Amino acid sequence: MDISRVDLNLLVYLDVLLRERNVTKAANHLGITQPAMSNGLKRLRDLFSDPLLVRTSEGMTATERARELQPLVRGILSDIEQAVQDKTPFSALESQRVFRIMASDYAESCLMPRVLRRIRQEAPQVTLDVLTPSDVSFLDVEQGRLDMAINRFDKIPQSFHQKTLWTEYFACLMNARNPLLKEPFTLDTYLDASHIWVSKTGFGVGVGVNPKDVQRLGWVDEALSRMGRKRQISVFTRHYQVAMLLAEQHDLIATLPSRAAWLQKDNPNLVVKVPPFEIPPFELKMAWSPLLQHNADHQWLRKLIAEVATEVDTEFAPFGARFEAPDAPQAHHSER
């Protein structure tokens with residue numbers, strides 16, 4: 001194939017078509033007419049000798065060839081964007097940029113107040129818009145409509161860049177007057193209590209919980225299930241702050257990330273205990289679109305968040321050491 005005869009605009013069309021899986025939406029995204037996009041898809045099919053998108057009962061579905069092309073095309077366009085990117089340095093003091101960050105309730109509590117403090121110091125005119133996981137989708141991140149997603153991720157699109165901020169273990173939080181504290185805190189006493197469940201938040205609109213569906217209840221209940229045990233859950237909530245408030249006011253145990261418990265270390269009404277069984281840790285990560293990888297504003301934001309996470313990690317370490325397993329894996333902070 002003579003590359004000089006290939007219209008590179010077609011790669012832009014293909015990139016958007018494979019994200020939207022809809023000709024009309026792709027046309028709207030690029031600001032062109034639907035017939036023009038349809039003609040672009042026809043030319044792409046001729047170019048690659050493949051239908052690329054086929055209509056099925058679930059809508060337009062990418063062919064195997066299209067799925068192979070998607071990361072390659074995204075990489076090519078990212079390189080082109082880097083080549084033509086305005087190299088004007090980011091001026092934090094003068095910037096009036098709005099940064100939109102999706103953060104789980106846990107990340108919003110443990111990380112974002114310190115991030116905001118640093119932003120206010122270094123870039124006082126910058127605005128921070130913090131969204132919840134139910135407000136956005138992976139597509140919003142991929143298309144750059146969202147600057148950053150900070151959460152734990154079971155799965156993440158291959159094209160995304162990501163960085164681990166820290167590895168997190170679990171702690172038990174309960175009222176200082178809870179009768180259970182009069183005896184050793186064992187697995188049996190833990191299971192004799194009533195518990196607060198906190199959602200493991202992902203992307204998308206949330207739905208109600210089925211208490212019998214252990215596989216969807218998350219880390220704590222999956223760990224108990226592997227031992228053939230089950231806890232009695234009295235309250236289901238999607239907010240760690242609510243879980244901590246409920247633990248303070250009632251004879252309930254909240255099993256939650258240890259950095260969330262750390263926020264309550266000076267609260268005389270609460271006691272923090274090490275869980276009497278092993279719960280696998282998870283990693284808090286930030287993830288962003290390849291479209292923003294080389295953007296100077298975004299590079300500043302990523303560096304700031306990573307520095308704040310390191311500060312939190314250092315300050316938390318003396319409190320958090322007791323929750324880590326003796327052979328605990330070290331968090332890797334590599335970026336890709």
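Okay, let's start with helix 9, residues 219-226, which gives the most to the lining of the largest cavity, with three residues. A quick note before I go on: this is a predicted model, where local features need pLDDT of at least 70, side-chain atom pairs count only at pLDDT 80 or more, and totals for chains, interfaces and linings use all residues. Residues are numbered from 1 along each chain as its sequence is written, and side-chain values use heavy atoms, with hydrogens and water left out.

So, helices and strands: the protein has 12 of each. They are DSSP runs numbered from the N terminus, with helices being H or I of at least four residues and strands being E of at least two.

Back to that cavity. On a 1 Å grid over the protein atoms alone, a cavity is a set of points where a 1.4 Å probe fits but cannot get out, and lining residues have an atom within 4 Å of a point. The structure holds two cavities of 30 Å³ or more, and the largest has about 90 Å³ of space. Volume here is the space filled by probe spheres set on the points, and grid points are joined across faces, edges and corners. There are 12 lining residues in the largest cavity, and the closest to its centre are Val198, Trp219, Val220, Arg231 and Thr255. Strand 8 (194-198) and helix 9 each supply at least two residues of that lining.

Keep an eye on Trp219, please. Which residues does a cluster of ring pairs link? They are Tyr106, Phe170, Trp219, Tyr240 and Phe282. Rings of Phe, Tyr and Trp (its six-membered ring) pair if their centres lie within 6.5 Å; planes under 30 degrees apart count as stacked, over 60 as edge-to-face and the rest as tilted. The structure holds 15 aromatic pairs. In one of them, the rings of Trp219 and Phe282 have centres 4.8 Å apart and planes at 15°, so that pair is stacked. It also links distant parts of the chain, since Trp219 is in helix 9 and Phe282 is in strand 12 (residues 282-288), 63 residues apart.

Are these two buried or exposed? Buried means under 20% relative accessible area, exposed over 50%, and partly exposed in between (1.4 Å probe, protein chains only). Trp219 is at 17%, so it counts as buried, and Phe282 is buried too, at 7%.

Here's another pair: Phe316 and Phe319 are tilted, with 6.0 Å centre to centre and 55° between the planes. They sit three residues apart in helix 12 (residues 296-320), so about one helical turn separates them. Arg322 lies over the face of Phe319, at 4.7 Å from the ring centre. For a charge to sit over a ring, NZ of Lys or CZ of Arg must be within 6 Å of the ring centre and within 35 degrees of the ring normal.

Last stop, the loops. Most residues other than glycine have a negative phi. Arg21, though, has a positive phi of about 55°; look for Arg21 in the loop between helix 1 (9-20) and helix 2 (23-30). With a relative accessible area of 31%, Arg21 is partly exposed. Leu52 has a positive phi as well, near 65°, in the loop between helix 3 (34-48) and strand 1 (53-56). Leu52 is buried, with a relative accessible area of 0%.

Definitions and conventions:
1 Å grid on protein atoms, 1.4 Å probe; cavity = no way out; pocket = protein on both sides within 12 Å on 5 of 7 lines; lining within 4 Å.
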